[in-house]
Amino acid sequence: MKKQFNRMKQLANQTVGRAEKTEVLSDDLLQIERRMELVRLVSHNAHKRLVTCLQGHIGTEAEKRHKKLPLTALSQAMQDGGSQLGEESLIGKMMDVCGEAESRLASELMQHEVQLERDILEPLNQLAEVDIPNILRQRKQLAKLVLDYDSARARWLQASKSIHFSTNYQATAAKVETLKDEMDEALNKVEMCKDQLSADMYNFSSKEGDYARYYVILVEAQADYHRRSLAALEGLLPTIQAQNDSWMEKPAYGTALEEHLKRSNREIALPLEACVMMLLETGMKEEGLFRIAAGASKLKKLKAALDCSTSQLEEFYSDPHAVAGALKSYLRELPEPLLTFSLYDEWTQASNVSDPDRRLQALWVACDGLPKNHKTNFRYLVKFLAKLAQDSEVNKMTPSNIAIVLGPNLLWSKTEGTLAEMAAATSVHVVAIIEPIIQHADWFFPDDVDFNVSGMFVAMTPEPDPGPFERRRPGSLVDGDTPRKDRYLSYPHSSPRPSPGLSIHARTLTRQESRGAAAVSALYVVADESITVKETPAGEQEQPMPLPSS
């Protein structure tokens with residue numbers, strides 16, 4: 001109690017400047033002391049924030065920590081969902097294999113967090129909560145001992161001054177001697193504490209590089225964790241991708257032609273073949289085919305049905321305009337047009353050739369340069385369009401009109417934007433490209449085409465033409481029936497394409513004259529897919545034109 005009183009008295013005197021304060025630490029040690037307190041604070045904050053980044057519970061066993069991770073719960077939920085959906089569902093298969101991937105990630109995360117706790121969190125906690133506080137406690141103890149020494153020294157000095165005025169010299173001298181012993185003992189304690197504190201503080205300063213290493217280890221551990229996680233994912237991704245790619249039921253609309261044909265193991269794109277087969281049965285006599293827009297809901301339903309490869313298409317046979325719209329949409333939504341971006345310049349240059357014979361030869365060269373699958377599907381489409389044009393007196397769809405409404409869906413520039421811009425930039429070229437190809441389809445593609453190329457479609461038996469108030473029942477895709485080849489072949493082809501220098505006069509075709517002719521069977525003006533029709537004056541007919549020589 002007396003020591004505490006003396007300390008308080010000495011501290012008060014030092015505070016108001018009535019007593020000297022002994023400073024036992026050097027400037028270096030004082031600087032270390034200030035930095036040490038700051039290091040303790042930032043280490044505590046870093047430890048606290050790093051703990052919040054962990055998903056597992058600190059201090060628990062590895063197995064228990066793994067079970068408590070959110071990734072483990074996600075993995076279990078995905079694998080359970082995959083089991084419930086079964087192997088027949090692509091979602092189920094993907095949930096199962098991706099759930100396994102999440103489980104691997106959870107294992108890597110658990111190992112990562114255990115390493116962080118061992119190599120970083122525990123040393124940081126030791127530094128911030130044990131090592132530095134112990135040194136700071138020694139510093140406080142030294143301050144107390146210094147106060148004791150200053151107090152003892154002040155009392156000894158006071159007693160030494162009063163010895164000359166004391167009446168009892170002998171007693172006063174003994175008191176001075178006692179106070180001197182107390183001062184020496186206090187100084188000895190100060191020196192011992194100072195030496196220990198100095199050693200600890202210098203030791204802390206020398207280990208600052210080791211303490212800084214904790215943060216380097218943190219980043220290295222994170223990098224290693226992410227590398228191991230990436231390796232685990234890359235090891236599983238091929239299996240996941242292979243199972244996803246092996247699934248046949250994928251949308252055809254908006255998918256590249258090559259990818260769709262490879263995935264479905266087809267020669268002709270499903271929307272193209274299905275729409276052609278339906279139109280061959282019920283749409284060839286329909287006026288304004290590909291021109292008149294279908295109901296949006298019906299068109300959307302048909303596209304969705306074709307996307308999922310359903311065989312239940314009976315209801316769409318009665319709406320040929322919806323079928324034609326679905327075919328146009330498929331061509332328009334291809335990432336690359338059927339006539340390809342790479343040949344865009346060749347097509348447009350060929351369309352600009354003024355001489356008809358040379359134009360046909362240039363178009364043939366461009367057509368021959370198409371990739372195999374693009375050429376096969378284009379040939380299939382052209383043969384169908386040529387067959388459609390044979391009934392132009394009824395359906396009003398001449399080669400020129402077909403080229404106007406369908407051509408912009410077959411070729412466009414890669415740099416063009418909206419549909420309106422695309423049509424404005426390419427409509428003239430496209431009509432000059434598509435119209436002669438349809439007109440001379442058997443010259444460009446001499447071989448006959450079996451439109452039911454996949455054998456999926458049931459052919460209709462020929463029936464008499466229906467009356468004005470009835471429509472014959474079309475055939476449809478039927479599950480379980482033995483598919484028969486449909487015999488909707490193109491019209492008889494002419495002699496094989498001659499070598500350059502020979503003339504082609506195997507047969508004649510009608511052609512719209514584009515320069516000021518009064519007899520135009522149907523001129524379609526395309527603007528945002530709306531079309532106006534101008535009828536041919538009564539009593540006038542088109543004049544046949546022979547095929548040009550090549």
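This is a predicted model: local features need pLDDT of at least 70, side-chain atom pairs count only at pLDDT 80 or more; totals for chains, interfaces and linings use all residues.
Reader: Where does Thr172 sit?

Author: Thr172 belongs to helix H6, which covers residues 169-206.

Reader: Next, helix packing. What should I look at when two helices pack?

Author: Two packed helices are described by two things, the angle between their axes and the distance between those axes. Take helix H2 (residues 27-53) and helix H5 (residues 90-162): their axes come within 9 Å and cross at roughly 150 degrees. Angles over 145 degrees count as roughly antiparallel, and H2 and H5 are therefore roughly antiparallel to each other. Their crossing is left-handed.

Reader: Which classes of residue make up the contact of H2 with H5?

Author: That contact has 15 nonpolar residues, along with four polar and six charged ones.

Reader: Charged residues bring me to salt bridges. How many salt bridges are there?

Author: Here is the general idea: side chains of opposite charge can pair when their charged atoms come close. The cut-off is a side-chain nitrogen of Lys or Arg within 4 Å of a carboxyl oxygen of Asp or Glu. By this rule the model has 21 salt bridges.

Reader: Could you walk me through some examples?

Author: Gladly. Glu63 pairs with Lys67, with the closest N and O atoms 3.8 Å apart. Both residues lie in helix H3 (residues 62-68), four residues apart, about one turn of the helix. Glu63 and Lys67 are both exposed.

Another pair is Arg228 with Asp224, at 2.9 Å from N to O. Because they are four residues apart in helix H7 (residues 208-245), about one helical turn separates them. Arg228 is partly exposed, at 22%, and Asp224 is partly exposed too, at 30%.

Reader: Which parts does the salt bridge between Lys301 and Glu315 tie together?

Author: The closest N and O atoms of Lys301 and Glu315 are 2.9 Å apart. Lys301 lies in helix H10 (residues 296-307) and Glu315 in the loop between H10 and helix H11 (320-333), so this pair ties together parts that are 14 residues apart in sequence. Lys301 is partly exposed at 42% relative accessibility, and Glu315 is partly exposed at 35%.

Definitions and conventions. Residues are numbered from 1 along each chain as its sequence is written. Side-chain values use heavy atoms; hydrogens and water are left out. Helices (H or I, at least four residues) and strands (E, at least two) are DSSP runs, numbered from the N terminus. Axes are lines fitted to C-alpha atoms, for helices over the stretch in contact, and angles run from 0 to 180 degrees between N-to-C directions. Angles under 35 degrees count as roughly parallel, over 145 as roughly antiparallel, 65 to 115 as roughly perpendicular and the rest as oblique. A crossing is left-handed if the near helix is turned anticlockwise from the far one by less than a right angle, and right-handed if clockwise. Ala, Val, Leu, Ile, Met, Phe, Trp, Tyr, Cys and Pro count as nonpolar, Asp, Glu, Lys and Arg as charged, and the others, Gly among them, as polar. Buried means under 20% relative accessible area, exposed over 50%, partly exposed in between (1.4 Å probe, protein chains only).
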